[in-house]
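Trainee: I would like to go through this model and ask how some of its labels were reached. Please show it first.

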Amino acid sequence: MKLELRGITKRFGRLVANDHIDLVVNPGEIHCLLGENGAGKSTLMNQLYGLLQPDEGDILVDDTLQRFSGPGDAMRAGIGMVHQHFMLVPVFTVAENLMLGHEHTRFGGRLNLPAARDRVRAIAERFGFDIDPDAIVEHLPVGVQQRVEIIKALSREAKILVFDEPTAVLTPQETDELMEIMRQLKAEGAAIVFITHKLREVREVADRITVMRLGKVVGEASPQASNADLASMMVGRSVELTVSKEPSQPGPASLAVDGLTVVDHTGQAVVRNVSFDVRAGEILAVAGVQGNGQTELTEALFGLQRDTTGSITLNGLELRGQSVQHILDAGAGFVPEDRQEDGLVPEFSIAENLILDRSTHEPFAKAGSLQLSYLREFADQTIREFDIRAQGAATPVGRLSGGNQQKVVVARELSRQLKLFVAAQPTRGVDVGSIEFIHKRIVEARDSGIPVIVVSTELDEVIALADRIAVMYRGEIVGIVPGDTPRDVLGIMMAGELPADAEVAA
Amino acid sequence: MTTFEAAAAAAARRGMTPRLRDWKAPIFLGAVAILAVILLIVFGRSGTSTFSFASRRTDVFSLPNLSIPVQELGLVAAATAVAMAAGSTLYVRARRKVPTWYIAVFSVVLLVAFLAWASAGHTIPLTGLLAGALALSVPLIFGAMGGVISERAGVINVAIEGQLLSGAFVSAVVASATRSAIAGLLAAMIAGVLVSFVLAAFAIKYFVDQVIVGIVLNGLVLGLTNFLYQTSLSQDAGTLNSPTQLPTIAIPGLSAVPVIGPVLFNQTIIVYLMYIAVAAVSFGLFFTRWGLRLRSVGEHPQAADTVGINVNGTRFWNVSLAGAVAGLGGAYFTLGSVGAFTEDVTSGAGYIALAAVIFGGWSPLRATLAALLFGFANELQSVLGIIGSPVPSDLLLMLPYLVTIVAVAGLVGQSRGPAASGKPYFKS
C-alpha cells in the first residue's frame, strides 16, 4: 500500500508542531524520517495513527482519502505502529497482547486463546523468531518485547508500518537484527516509515530520507549523504560530530568503588559486587542497555539508595552510608538521568534551580535568608557561561527546552568546586547543539583534574567521551575496556559476554 | 522513568538473583507463637470446651458434639506453633518463600486452640458461628467485587461505603413502598450505579483525585441518608422503612448436609447472587473479552487506546457496574440481615471491603476469602461476647480491625495492584 501525507498541519496553542508536511511512502520502501527531538516526527506519526487529528491536510492510503478518529480506524486502513514505548500490557501474555482490541471468542464468551497462540507462532515463524505465546511480556527481554510489538502490528494485516525510534532501547546486535527484519518486511512489499535521529542507522537501511526540523520538512537527502551533511540538515548549521579532546592525563585513583552491592525495595540485588576505580583526570564511561543497574549504581554513589553494602571512597574518604548532603559537601556533583523528575524543580526559576543543592550555604544564604541580589548576579553570569537560552534568570525552568533544562543541571553542578563529577544520560532528549556543548563541558571537567563518570546507553556518546569503558549487564560489570574498543566488542559485552580477545583496561 | 523503562528494568532484574532472605514471615509466626504460649499455657484454663455442629433444622444425619480438654489442647497447639515458627526459618534459610498453606495450617491450629480456650466450660455453636460469619461477609464480598472491578479498570473505588449505604437506603424505601423485595434489589443496584456515576465523572472526566472523590462521596451519602432518615423514614417507618424481607430458599439436597448445608445453601437470593457474582467476576476477568479489555485499561491505558479500545468509556461503564454490584451488597443489610434501614447501617463495611480488595491482591477469589476472614473475626467477637469469654468485649471489638491491619500490612506486604489504578488517562 502507498501512503501519502499532504499538507499536514498541527498546532498546539501557538506552537506549530507540524507545518504543512508532505510525505510519500511507497510499498517496498523504507522511508526514514530524520530529525531531532522536538522536530515534530512523533506528532506527525500520531496523526497518521489516529491518536491526534490534524488541523489541516489529508492522509491518503492507496490514493484514498482517510479520516482517522482513533487508532482503530488507522489499523483498519492497514497502518501498524511499533511504538518507542511499547504499547504492550506488561502483565499480559504475548497471545493476550496480540488479541487485545480484536478478540475472538469461543463458546460461552471465552477468549479464543489457542487461535491467538497459533497466530503468534505463524508470524514468528515467518521471521525466524522464537517466541513463547504464553510468556508474560514483562518477563521478556526488551528486544523480544519489540518483536512482540512487530508481530502485533503484522497480525492486523498492516501493510504500512511505522517504527518510532525503535533502536533507542536495543543493543547494537539487536539493532542489526531489527534492520534485517525491516529489510524482510520491505521485501514482502510493506511500506515502512522509520523514525530516528541516529544517522548511522538511517544510512544503513533507508531508501529515501526526509529531514524535519522545527515542525517543517527541510528537504530530502540520499542515503549516500555523509553523516556531517545529514546532521547539518537536521540542526540547520554545521555541527561537530566528534568530541575533540586531548588524550587524558590520569592522576592517581581518586574514586574507588569496592564490592558495591545495591538491593532494591523488592529485595532484588540490582547492583552486584561491583568494583572499579576512577582516576583523577579521566572519564570512565558506564555503558549498557537501560535497566542493567546503572541507575542504581549512580544513585548509590550519592547516597540515594537505602540498602547498599561494600565501600565507596573519594580520595580516601568513605562515602557509603553518608547522607546526601555530606556527599555533596565532599565535592561530588551529579547530573541525574531524569532531569524532570530528579534534576530540577520545574516550577522554580533558573536562578533557584542553579543553587538547589547549596541554598543553605554562604554566599547564597546568610543568617538563614537568601542573598537575592548575589543570587541574581550569580545566575546571570552562569546563564551566560553555560549558554542557557532563556528570557532571564527568573524564567521557570519548566518552560525551557530539554537542551536548556539540561544545561541548567550541568551548570549547577559544574559551577561548584568539584572533586567528582557523575553525569547520567547527560544528553538524553537534548538537541544536537546542546549535546556538543555539554560534551565539551564534560571534557573540560576531566581536564580540570577530577574523576568523571558518564553513564550512557548511547554507544556513540560512550565512544565519544570515554577514556575507559565499563559495561554493565544485569547489575554486574562485564568488563572495563579502553576507550577505543570497537563497537561490536562493546555490543557483545552489553549482552553480557566478554569476548576472549577483548583488551581489558585495568 | 517511564512505565516502559520501569517494566524493562523490572524484567532485567527478574531472574537476575535469587530472592534475598525475607525474615518477615518467621518473625511474624514467632511473635504469634510467643503470644500463644503466654495465652494458652501461662494463662491456660482447665475444663472442657464443646463444639456443637447442630443446626436449627434437622439434618439428614447429625454429627455428635465434640468435647475438647482445653488445657491439653492448649499445650499441644502452643508447642505446634513454636515448632512451626522455628520450622519456617528453614524455608527462609533455603531462600524460599514460606508457603501459604504453612501459614494457613499454623493459623487454623491456633484458632481452634483459641476457640477452645475462650469457651472453656461452654459450648461453641460452630454452625451458628459460620452462618453468622457468612452473614457479616456478604456485604463485604459484594463491596470487594465492586472494588476489584473498579480498580482493575484503573479507578480507585473508595466510595464502596457510599455505594453500600445508598443501596441499603434505597432498597429499604423501595421495598417498603412497593412491597416487593425484588424491586428493592433492583433499586439498590441503581442507587449504587448513581454513586458510581459521580465517582466516574469526577475521576475520569475532570481528573479529580480519586481517593478524595471517594471519601467525599462516602460523607455525602452518609449525610444525605441520615437527613432523609430523620426527616422521613423515622417519621413514617410503616410505609417507608419496613421493607419486605427476602424469603429463604433452601437448595434441595445440598441444604441437608450438616454444617455446610444450613450455612451455605439455606439462604436468601442475595447470597446466591453473591456466589454467582464471585464466580462471574473470577471467570470474566481472566477469560473473556470484557475482562481482557477491563484489565488492559487498568494496566496500560495507552496500549489499550492504540488498539482501538475506548479507555475512558470502558472505565466509566465498569465503574458503574462496580457500583451496581456494591449496591446489591447494601441491599443485604435492609432486605436480608438487619431488616430495616438505620443511620449508618453499613458502619464502615465499605472500608473493610476495600481492605479485602488489597489483602486479596486484586484477585476476586482471594478478596472473597479476605472478606470471609474479616466477617469471621467480627462474628467470633460477638459469639465470644455472648458465651462470656474471659477476654474483655471491648478488646474483642478490636479484633476485626486488628486482623485487617495485620493482614494488610504484615502478611501481604507490598502487593502489586493494577499499574494505572488511580491515574486518569489523558489523550496525548
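Trainee: Which residue stands opposite A:Val455 in strand 20 of chain A?

Mentor: A:Ala424 stands opposite A:Val455. Keep in mind that the model is predicted.

Trainee: How do you know that strand 19 of chain A and strand 20 of chain A pair?

Mentor: Pairing needs at least two bridges between the strands. Strand 19 (residues 420–424) of chain A is joined to strand 20 of chain A by 4 bridges, so the two count as paired, and they run parallel.

Trainee: What joins strand 13 of chain A to strand 20 of chain A?

Mentor: Here too there are 4 bridges, and strand 13 (residues 283–287) of chain A runs parallel to strand 20 of chain A. In strand 20 of chain A, A:Val454 is the bridge partner of A:Ala285.

Trainee: Which way do the residues of strand 20 of chain A point?

Mentor: A:Val452 and A:Val454 point one way, A:Ile453 and A:Val455 the other way. All are buried, and that label requires 20 or more other C-beta atoms within 10 Å.

Trainee: What makes a right-handed β-α-β unit with strand 20 of chain A?

Mentor: Strand 19 of chain A and helix 15 (residues 432–447) of chain A make that unit together with strand 20 of chain A. The crossover is called right-handed because, with the strands pointing away from the viewer, the path from the first strand over the helix to the second runs clockwise.

Trainee: Why is B:Arg179 called exposed?

Mentor: The cut-off for exposed is 12 or fewer neighbours. B:Arg179 has 12 C-beta neighbours inside 10 Å, so it counts as exposed. B:Arg179 lies in the loop between helix 6 (160–178) and helix 7 (181–205) of chain B.

Trainee: Why does B:Asp344 count as partly exposed?

Mentor: B:Asp344 has 13 C-beta neighbours inside 10 Å. Exposed stops at 12 and buried starts at 20, so a residue in between is partly exposed. The loop holding B:Asp344 runs between helix 14 (311–337) and helix 15 (349–359) of chain B.

Trainee: What is the phi of B:Arg179, and what is that of B:Asp344?

Mentor: Phi is near 60° for B:Arg179 and about 50° for B:Asp344. Most residues other than glycine have a negative phi. Both values are positive, and neither residue is a glycine.

Trainee: Is the peptide bond from A:Glu362 to A:Pro363 cis or trans?

Mentor: That bond is cis, with omega near 5°. Most peptide bonds are trans. A:Pro363 sits in the loop between helix 12 (350–354) and strand 17 (365–366) of chain A.

Technical notes. Residues are numbered from 1 along each chain as its sequence is written. Chains are lettered from A and ligands numbered from 1 in the order in which they are written. This is a predicted model: local features need pLDDT of at least 70, side-chain atom pairs count only at pLDDT 80 or more; totals for chains, interfaces and linings use all residues.
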